[in-house]
Amino acid sequence: MPRPYRRPHDRRGIPTTVWILLPLLLVAGLYYWHGHRGSSLSGGGLLPSAPDTETARFARCSGPVRKTCVVDGDTFWYRGTKIRLADINTPETSKPECREEARLGAKATERLIVLLNEGPFTLQPGGDGREKDRYGRALRIVTREGRSLGTILVDEGLAERWQGRRGTWC
């Protein structure tokens, strides 16, 4: 009577396929961990990074001509393009619902100016597949050395992670 087919095992009884798959899973896990640990979409603000090449001098926007300036804590103009930080929401400055929202909105705006002026940055796609929001603003995540500037604002209590809708600050 022929013996039934048995999968190959090593001397310890561990299936050969485990020895083949284990290094592949290890490499895949390290790749995932390195590229996604703390990404702004999962909480910490790190995204796979390339050299930061964008740079400009930002100030608060004023007047009708807006080329490179900051509107509020999550919106700015860069080289004539209006950009909305896709990964966060900050308190409103144009029509705040309460005094605390106005205060936090002003702080978030000033902090974004400082962050953008600290050195080169990278503009990355917003992550949800949309190029623009309903107001025509380009949706981008702004990073420096792989860390989201939006996440810095969240960590400092000046923003909240974008959840698809505005939150309340009052």
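Of the 170 residues of the chain, 36% count as buried, a term that here means under 20% relative accessible area, while exposed means over 50% and partly exposed lies in between (1.4 Å probe, protein chains only). The structure is a predicted model, in which local features need pLDDT of at least 70 and side-chain atom pairs count only at pLDDT 80 or more, whereas totals for chains, interfaces and linings use all residues. Residues are numbered from 1 along each chain as its sequence is written, and side-chain values use heavy atoms, with hydrogens and water left out.

The chain has 3 helices and 8 strands. Helices (H or I, at least four residues) and strands (E, at least two) are DSSP runs, numbered from the N terminus. Read from the N terminus on, the order of the elements is α-β-β-β-β-α-β-β-β-α-β. Among contacts with a separation of 6 or more, 56% come from residues 24 or more positions apart; a contact means heavy atoms within 4.5 Å. One example of distance in sequence and in space is given by Glu 110 and Val 71, which are 39 residues apart in sequence and 9.9 Å apart in space, C-alpha to C-alpha. Glu 110 belongs to helix α2 (residues 99–117) and is partly exposed because its relative accessibility is 38%.

The strands may be followed through their pairing. Two strands pair if DSSP finds at least two bridges between them. A hairpin with 2 residues links β1 to β2. Next, β2 and β3 are also antiparallel, with 4 bridges, and Trp 77 has Lys 82 in β3 as its bridge partner. The hairpin of β2 and β3 likewise has 2 residues between the strands, and Arg 79 in the turn has a positive phi of about 50°. Within strand β2 (residues 75–78), Thr 75 and Trp 77 point one way, Phe 76 and Tyr 78 point the other way, and all are buried.

Strand β6 (residues 138–144) is mostly covered, with 7 of its 7 residues buried. On one side are Ala 138, Arg 140, Val 142 and Arg 144, and on the other are Leu 139, Ile 141 and Thr 143. How do the neighbouring strands run beside β6, parallel or antiparallel? Strand β3 runs parallel to β6 over 3 bridges, and Ile 83 stands opposite Ala 138. Strand β5 (residues 122–125), by contrast, pairs with β6 in the antiparallel sense over 4 bridges, with Gln 124 opposite Ile 141. Strand β7 (residues 147–148) is antiparallel to β6, with 2 bridges, and here Arg 144 stands opposite Arg 147. In the hairpin of β6 and β7, which has 2 residues between the strands, Glu 145 takes a positive phi near 50°.

Charged side chains also meet. A salt bridge is a side-chain nitrogen of Lys or Arg within 4 Å of a carboxyl oxygen of Asp or Glu, and by this rule there are 11 salt bridges. Arg 140 of β6 forms one with Glu 131, at 2.4 Å from N to O. Arg 140 counts as buried because its relative accessibility is 17%, whereas Glu 131 is partly exposed because its value is 47%. Glu 118 and Arg 111 form another, at 3.9 Å; Arg 111 is partly exposed because its relative accessibility is 22%. In a further salt bridge, the closest N and O atoms of Asp 133 and Arg 137 are 2.6 Å apart. Asp 133 is buried because its relative accessibility is 12%, and Arg 137 is buried because its relative accessible area is 16%. Salt bridges that share partners also join Arg 111, Glu 118, Arg 144 and Glu 156 into one network.

The largest pocket holds about 820 Å³ of space. On a 1 Å grid over the protein atoms alone, a pocket is an open set of points where a 1.4 Å probe fits, with protein on both sides within 12 Å along at least five of seven lines, and lining residues have an atom within 4 Å of a point. Grid points are joined across faces, edges and corners, and a volume is the space filled by probe spheres set on the points. Of the 30 residues that line the largest pocket, Arg 84, Asp 133, Tyr 135, Arg 137 and Trp 162 are the closest to its centre. Strand β3 gives the most to this lining, with 3 residues.
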